[in-house]
Amino acid sequence: DLPPKRQVSCYDVFCNRELKQGKLAAVGFDMDYTLAQYKQPAFDKLAFDGAKQKLVYKLGYPKEVLDFEYDHKRWTRGLIIDTERGNFLKIDRHKYVRVAYHGLEEISSSTRKYLYSRNFN
């Protein structure tokens, strides 16, 4: 028998255990303070440093990556990484790519529009 139906509360936490991560094209972190309070930029630096470690020691990137310094004024929340091209993207809610960077260099408007043809899918 199924348990009786219960009210959903604003304090409930839900998870999806059926997500097949091998098929994902992009991964983002939604740090909207829903479940925890973050101290920025300290939290962002922690994530940045952890990513550097993983890139070098687990994915074989050059050790020079460890010398990269986090600058909280350069990077903003809500970036997506295009793993096929190695670009950082800032997209809007309609999936339109507003800004794109390759490394520290901003990609020109014409190249960005050519690469992403109006939206990131």
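## An exposed serine

At 52% relative accessibility, Ser117 counts as exposed. Exposed means over 50% relative accessible area, buried means under 20%, and partly exposed lies in between (1.4 Å probe, protein chains only). Ser117 sits in the segment after helix H2, which spans 109–116. Helices here are DSSP runs of H or I with at least four residues, strands are runs of E with at least two, and both are numbered from the N terminus.

## About the model

This is a predicted model, in which local features need pLDDT of at least 70, side-chain atom pairs count only at pLDDT 80 or more, and totals for chains, interfaces and linings use all residues. Residues are numbered from 1 along each chain as its sequence is written, and side-chain values use heavy atoms, with hydrogens and water left out.

The structure holds 4 salt bridges. A salt bridge is a side-chain nitrogen of Lys or Arg within 4 Å of a carboxyl oxygen of Asp or Glu. Three residues, Lys45, Asp49 and Lys52, are linked in a network of these bridges.

Start with Asp49 and Lys45. Their closest N and O atoms are 2.7 Å apart. The two residues are 4 apart in helix H1 (residues 42–57), so about one helical turn separates them. Asp49 is partly exposed at 24%, and Lys45 is partly exposed at 38%.

Now turn to Lys52. Its side chain meets that of Asp49 in a salt bridge, 3.6 Å from N to O. Lys52 and Asp49 are 3 residues apart in H1, so again about one helical turn lies between them. Lys52 is buried, with a relative accessible area of 10%.

## A salt bridge from Asp82

Arg85 forms a salt bridge with Asp82, and the closest N and O atoms are 3.1 Å apart. Arg85 is partly exposed at 36%, whereas Asp82 is buried at 4%.

## The sheet

Four strands form an open sheet, in the order S1-S2-S3-S4, with antiparallel pairing. The edge strands are S1 and S4 (105–106), and each pairs on one side only. Two strands pair if DSSP finds at least two bridges between them.

Strand S1 (residues 79–82) runs antiparallel to strand S2 (residues 87–91), and 4 bridges join them. Ile80 has Leu89 of S2 as its bridge partner. Leu89 in turn has a bridge partner in S3, Ala100. S2 and strand S3 (residues 97–102) also run antiparallel, joined by 5 bridges. One of the partners in S3 is His102, which pairs with Asn87. In a regular strand, side chains alternate between the two faces of the sheet.

## The turns and the helix across

The hairpin of S1 and S2 has 4 residues between the strands, and Gly86 takes a positive phi near 75° there. The hairpin of S2 and S3 has 5 residues between the strands, and Lys95 takes a positive phi near 70°.

Which strands does H2 lie across? Helix H2 lies across S1, S2 and S3, and runs at about 105° to S3. Axes are lines fitted to C-alpha atoms, for helices over the stretch in contact (heavy atoms within 4.5 Å), and angles run from 0 to 180 degrees between N-to-C directions.
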